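Come along and look things up with me.

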Amino acid sequence: MKLADKRGLETDVYQPAEDSHLLATTASERIDDGDFVLEVGTGSGYVAETIADETGARAIGSDLNPHACERARDRGLEAVRADLLTPFAASTFDAVVFNPPYLPTDPDNEWDDWMEHALSGGESGREVIDRFLTDVGRVLSPDGVVLLLVSSLTGVEEVVERAGEEGFSAVAVADESFPYETLTVLELVR
């Protein structure tokens, strides 16, 4: 079964799709054995598990959704229930990876369930990304790296600009185009 075909089978936890696969593959090429990696918004745990399996890094997941934490733990991952980066100590991670909620959503039409939290990036599609960028530098080790998946629906240039405001330089390290959007993995370093 293709990753895209798995969508819709789970109602409480975001299931791996093309975006997850692109982030997992790209991160696995850029993360080293022995690195300590945090996947924010881990969902099913697919990305963190792939990174750990492919690189030998220690990968943990975090998610606001308790069902997602449970699914990630079912995969054998350490998973912490967290709103983005709040509970994590300063200078802890060699890499932070994030496939954020990035779909622009009219606030009047938002659903009130866990999948809404996994998909909706607010009116601009960048509300969750902006909150993440404000705090991610705190949890990175001095030479740490952020791998952030962004959609053309969200505005890649706007995210790059916002990352710059937080002291990061950003470079696109992977992208994949679909009829409805282009997905880009940005590598952010200080």
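**Entry 1: the model.** I noted before anything else that this is a predicted model.

**Entry 2: helices and strands.** I looked up the elements and found six helices and seven strands in the chain. Then I followed them along the sequence and wrote down the pattern α-β-α-β-α-β-β-α-α-β-α-β-β.

Entry 3: I checked burial next: 52% of the chain's 190 residues count as buried.

**Entry 4: contacts along the sequence.** I took the contacts between residues at least 6 apart in sequence, and 62% of them join residues at least 24 apart.

**Entry 5: a pair of helices.** How do helix 5 and helix 6 lie relative to each other? I found helix 5 at residues 127-139 and helix 6 at residues 156-165. Their axes come within 9 Å and cross at roughly 25°. Angles under 35 degrees count as roughly parallel, so helix 5 and helix 6 are roughly parallel to each other. I also wrote down that their crossing is right-handed.

**Entry 6: who touches whom.** From helix 5, the contact is made by Ile129, Asp130, Leu133 and Thr134. Helix 6 brings Val159, Arg162 and Ala163. I sorted the residues of this contact by type and got four nonpolar, one polar and two charged.

Technical notes:
Residues numbered from 1 in each chain as written. Predicted model: local features only at pLDDT ≥ 70, side-chain atom pairs only at ≥ 80, totals over all residues. Heavy atoms only, no water. Helix = DSSP H or I, 4+ residues; strand = E, 2+ residues; numbered from the N terminus. Buried < 20%, exposed > 50% of the residue type's maximum accessible area, 1.4 Å probe, protein only. Contact = heavy atoms within 4.5 Å. Axes fitted to C-alpha atoms, helices over the stretch in contact; angles between N-to-C directions. Parallel < 35°, antiparallel > 145°, perpendicular 65-115°, else oblique. Left-handed = near helix turned anticlockwise from the far one by under 90°. Nonpolar A, V, L, I, M, F, W, Y, C, P; charged D, E, K, R; others polar.
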